[in-house]
Amino acid sequence: MTVTMIERAARQLSFVEPLPGFADEEFTLTPIDDQGVLYSLRSQENPQLRFVLTPAAVFFPDYRPEVDDAVGLLLGSDEVDVMLMLTVGSSLADATANLRAPVVLAPATGRAIQVVLDDETLPMRAPLVAAAA
Amino acid sequence: MLILTRRVGENVIVGDDITISVIEVRGDAVRIGIQAPQSVSVHREEVYRELQKANQQAAATNDAAIGAMMDELAADRAERGDKREPGA
């Protein structure tokens, strides 16, 4: 499966399975900044529901998730982007990314899914910034 | 909930296309095999519950926090004299 560059304009995403904990399936993905670091994933059904995503490579350049080929079948394309759910309490210092369950999306079809990876050592709350030495 | 007893090597069929197999029993642990269509997700319960919680916390990220984070990222870039193209 090839990982492609993420486009910069707003785009519609259809989740083939709802995000665990939620029922929404139709979202809009919009860049927040102009550096391609932060994206807003906003529900079309409930506009007050909004997630913040980041392309995996921005903060985790060595992250190489093993994504099953079945995901490509579900998304209708082998060319996918891998993004991470961010949780930001108050600032960059306490921001974490979910490495265990990335959001995989196919630009060609506009379909997405949050995949739970098998690797139990991957954290659901990985700090974005290394702890001070 | 349907509760039934199966021996190693026996199966349970759910709906038309999900099969659950008892592979091995070792002490108080049961090794289970699950065959399901790709469209059906299968998770260990505790992992799924933790993911639900993690997503709910992620959804609570507020605009002020995002703003603070963007300011810090911009400051980092300025400090590094980062002249990369956006998105590079």
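In S8(A), Val103(A) is the bridge partner of Met83(A). The model is a predicted one, in which local features need pLDDT of at least 70, side-chain atom pairs count only at pLDDT 80 or more, and totals for chains, interfaces and linings use all residues. Residues are numbered from 1 along each chain as its sequence is written, while chains are lettered from A and ligands numbered from 1 in the order in which they are written.

Strand S6 of chain A, residues 79–87, pairs with S8(A) in the antiparallel sense over three bridges. Two strands pair if DSSP finds at least two bridges between them. Helices (H or I, at least four residues) and strands (E, at least two) are DSSP runs, numbered from the N terminus.

S8(A) also pairs with strand S9 of chain A, residues 111–114, in the antiparallel sense, over four bridges. There, Ala106(A) stands opposite Arg111(A) of S9(A). The hairpin of S8(A) and S9(A) has four residues between the strands, and Gly110(A) takes a positive phi near 75° in this hairpin.

Which residues cover the two faces of S8(A), residues 103–106? On one side they are Val103(A) and Leu105(A), on the other Val104(A) and Ala106(A), all of them buried. A residue is buried if 20 or more other C-beta atoms lie within 10 Å of its own, exposed if 12 or fewer, and partly exposed in between, with C-beta atoms placed from the backbone.

Pro31(A) is in strand S3 of chain A, residues 26–31. Because it has 19 other C-beta atoms within 10 Å, Pro31(A) is partly exposed.

Now chain A overall. It has two helices and 10 strands, in the order β-β-β-β-β-α-α-β-β-β-β-β from the N terminus on. Its radius of gyration, taken over C-alpha atoms, is 14 Å, close to the 14 Å that the globule rule gives for 133 residues, so chain A is as compact as a globular protein of that length. The globule rule is 2.2 Å times the number of residues to the power 0.38. Of the 133 residues, 35% count as buried.

Last, the other chain. 25 residues of chain B are in contact with 33 residues of chain A, contact being C-beta atoms, placed from the backbone, within 7 Å. On the side of chain B that touches chain A, H1(B) gives the most, with 11 residues.

Notes
Two residues are in contact if their C-beta atoms, placed from the backbone, lie within 7 Å.
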